[in-house]
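Good morning, colleagues. Please bring up the sequence and the model on your screens, and I shall go through the overall fold and then two individual residues.

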Amino acid sequence: MSMINIPVVLVSLILIVTLVLLISEKISVDKTAIGIMVLLALTGILSPSETVAGFANPAVITVGSMFLLSHGLIRTGAVGFLTELVLKFSKGSRKSAFLIILVGGAVFVGIH
């Protein structure tokens, strides 16, 4: 009979808890992500340098920037304003709303 590999079991449990937290959103996504990183470092599964190595990845910086940008757009009311415009012009039709958003996005991307 083989011995149970403790780090594998620990990582599996952390992943399960992570999935539950991310799906249920009982704790915000950013706090969950930082908590997982801290937990992996405290358990010794990751070394300190491995723990922070991901911050050098451009994808992490991009995702973090998108969180900041979206939060700023929500707090300033820009998202609410655009939502009201889409609802006004679509007159409750999902297809019309979809087309308005699709064309608006295409125009915005085309400008930049």
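Read along the sequence, this predicted model follows the pattern α-α-α-α-α-α; there are six helices and zero strands. The radius of gyration is 21 Å, well over the 13 Å that the globule rule gives for 112 residues, so the protein is more spread out than a compact globule. Along the principal axes, the C-alpha atoms fill a box of roughly 65 × 30 × 25 Å.

Next, the surface. The accessible area of the protein comes to about 9,300 Å², and 76% of that belongs to carbon and sulfur atoms. Of the 112 residues, 8% count as buried.

Which residues form a nonpolar patch on the surface? They are Ile 4, Ile 6, Val 9, Leu 13, Ile 16 and Val 20, with about 590 Å² of accessible area together. Ile 4 sits in the segment before helix H1, which covers 6-24. Its relative accessibility is 64%, and because the threshold is over 50%, Ile 4 counts as exposed.

I turn now to Ser 90, in helix H5, residues 78-90. Is Ser 90 buried or exposed? Ser 90 has a relative accessible area of 4%, and is therefore buried. A polar atom of its side chain lies 2.8 Å from the backbone oxygen of Val 86; for the backbone oxygen of Leu 87, the distance to a polar atom of that side chain is 3.5 Å. Setting aside residues up to four places away in sequence, Ser 90 touches Ser 96, Ala 97 and Ile 100.

Thank you for your attention.

Note on methods. Residues are numbered from 1 along each chain as its sequence is written. This is a predicted model: local features need pLDDT of at least 70, side-chain atom pairs count only at pLDDT 80 or more; totals for chains, interfaces and linings use all residues. Side-chain values use heavy atoms; hydrogens and water are left out. Patches are made of residues with over 30% relative accessible area and no salt bridge: like charges are joined within 9 Å, nonpolar side chains (Val, Leu, Ile, Met, Phe, Trp, Tyr) within 5 Å. Accessible areas come from the Shrake-Rupley method with a 1.4 Å probe; for residues, only the protein chains shown count as cover. A salt bridge is a side-chain nitrogen of Lys or Arg within 4 Å of a carboxyl oxygen of Asp or Glu. Helices (H or I, at least four residues) and strands (E, at least two) are DSSP runs, numbered from the N terminus. Buried means under 20% relative accessible area, exposed over 50%, partly exposed in between (1.4 Å probe, protein chains only). A polar contact is a pair of N or O atoms within 3.5 Å; within protein, one must be able to donate a hydrogen and the other to accept it, and residues adjacent in sequence count only if both atoms are side-chain atoms. Contact means heavy atoms within 4.5 Å. The radius of gyration is taken over C-alpha atoms; the globule rule is 2.2 Å times the number of residues to the power 0.38.
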